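My notes follow in the order I made them.

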Amino acid sequence: MATWNSRGLRGSSLEELINYSNEKYRDKHLALIQKVPTPIKPIKIDPEHRHITLAYFDRKSTVDYIGVVQGVPVCFDAKECHTDTFPLQNVHEHQVRFMEEFERQSGVAFLILYYTHLEKFVYLPFQRLFDFWQRKETGGRKSFLLTEIDLDYEIRSYEGVPVHYLEALKRDLELRN
């Protein structure tokens, strides 16, 4: 990626880059995407400072992000991968089921994958994820290779948007019609 060098992502997380991208989209009136908070159950609260000091995850979360892009409902999860092989154990069954139901309601679901060793972001349409998931469920590979995904969905930075996934979403929508 032209804008980010090997030191460009140090101290930043994938989530921070996507959050920043979503702020840029909102500012430009292109999309309204929100981070889905992980539900927690507080166990201990510091009464003086009113801070949670101990908690556990209350229930399974769905996806990382949900919102709307130019009238199209979208949901997606962001995942990092440190090799050319992405283990499907990094995607949970309840997430796949949520995305499947979301698409059934005419929404668009996808993953944003960040291959850290290549500094490459890739948009993975839900249908392709589901193909890999079904392969796993029927006794096949429990992962997929970078060479198995369409690199025409590579995400680049553009005009101050570090993870400009709207171009890949546009391509996904065009191929659905």
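Predicted model: local features only at pLDDT ≥ 70, side-chain atom pairs only at ≥ 80, totals over all residues.

**Entry 1: overview**

I counted elements first. The protein chain has 4 helices and 11 strands. I then looked up burial. Buried residues make up 38% of the 177 residues in the chain. For contacts, I took pairs at least 6 apart in sequence, and 64% of these join residues at least 24 apart.

**Entry 2: two positive phi values**

Most residues other than glycine have a negative phi. Ser106 has a phi near 70°. I place Ser106 in the loop between α2 (93-104) and β7 (108-115). Glu119 also turned up, with a positive phi of about 50°. Glu119 sits in the loop between β7 and β8 (120-125).

Are these two residues buried or exposed? Ser106 is exposed, because its relative accessible area is 61% and the cut-off for exposed is over 50%. Glu119 counts as buried at 19% relative accessibility, since the limit for buried is under 20%.

I went back to the turn around Glu119. β7 and β8 form a hairpin with 4 residues between the strands, and the positive phi of Glu119 falls in this hairpin.

**Entry 3: the sheet**

I traced the strand order next. An open sheet of 7 strands runs β1-β4-β5-β7-β8-β10-β11, with mixed pairing. β1 (31-35) and β11 (161-164) are the edge strands, each pairing on one side only. Neighbouring strands are turned by 30° against each other on average, direction ignored.

I followed the pairs from β7 onward:

- β7 and β8 are antiparallel, over 6 bridges. Ile112 has Tyr123 in β8 as its bridge partner.
- β8 and β10 run antiparallel, joined by 2 bridges. Val122 is partnered by Glu154 in β10.
- β10 (154-158) and β11 run antiparallel, also with 2 bridges. Tyr158 stands opposite Val161 in β11.

I then checked what packs on the sheet. Helix α1 (14-27) lies across β1, β4 (65-69), β5 (72-81), β7, β8 and β11, at about 95° to β11. α2 touches β4, β5 and β7, and its direction makes about 155° with that of β5.

**Entry 4: how enclosed is β8?**

How many of the residues of β8 are buried? I find 6 of the 6, so β8 is largely enclosed by the rest of the structure. Lys120, Val122 and Leu124 point one way, while Phe121, Tyr123 and Pro125 point the other way.

**Entry 5: the nonpolar core**

I listed the largest nonpolar core. It holds 48 residues, and Phe110, Tyr115, Phe144, Ile149 and Tyr165 touch the most other members. β7 gives the most to this core, with 8 residues.

Beyond its neighbours within four places in sequence, Phe144 is in contact with Asp84, Thr85, Phe86, Leu88, Leu113, Tyr115, Leu124, Phe132, Arg135 and Ile149.

**Entry 6: two residues of α1**

I looked up Ser21, in helix α1. Ser21 is buried, with a relative accessible area of 0%. Its side chain reaches the backbone oxygen of Leu17 at 2.9 Å. Beyond four places in sequence, Ser21 touches Val161, Pro162 and Val163.

Asn19 lies in helix α1 too. Asn19 is partly exposed, at 25% relative accessible area. Beyond four places in sequence, Asn19 is in contact with Lys35 and Tyr65. Asn19 and Pro162 are 143 residues apart in sequence, yet 9.9 Å apart in space, C-alpha to C-alpha.

**Entry 7: α4**

Which residues of helix α4 (166-176) are buried? I find Leu166, Ala168, Leu169 and Asp172. Seen down the axis of α4, these buried residues fall within an arc of 155°, so they line one face of the helix. An α-helix has 3.6 residues a turn, so residues three or four places apart point the same way.

Methods: Residues numbered from 1 in each chain as written. Heavy atoms only, no water. Buried < 20%, exposed > 50% of the residue type's maximum accessible area, 1.4 Å probe, protein only. Core = buried A, V, L, I, M, F, W, Y, C linked by side-chain atoms within 4.5 Å. Contact = heavy atoms within 4.5 Å. Arc of directions from axis to C-beta. Pairing = 2+ DSSP bridges. Axes fitted to C-alpha atoms, helices over the stretch in contact; angles between N-to-C directions. Polar contact = N/O pair within 3.5 Å; in protein donor to acceptor, adjacent residues only side chain to side chain.
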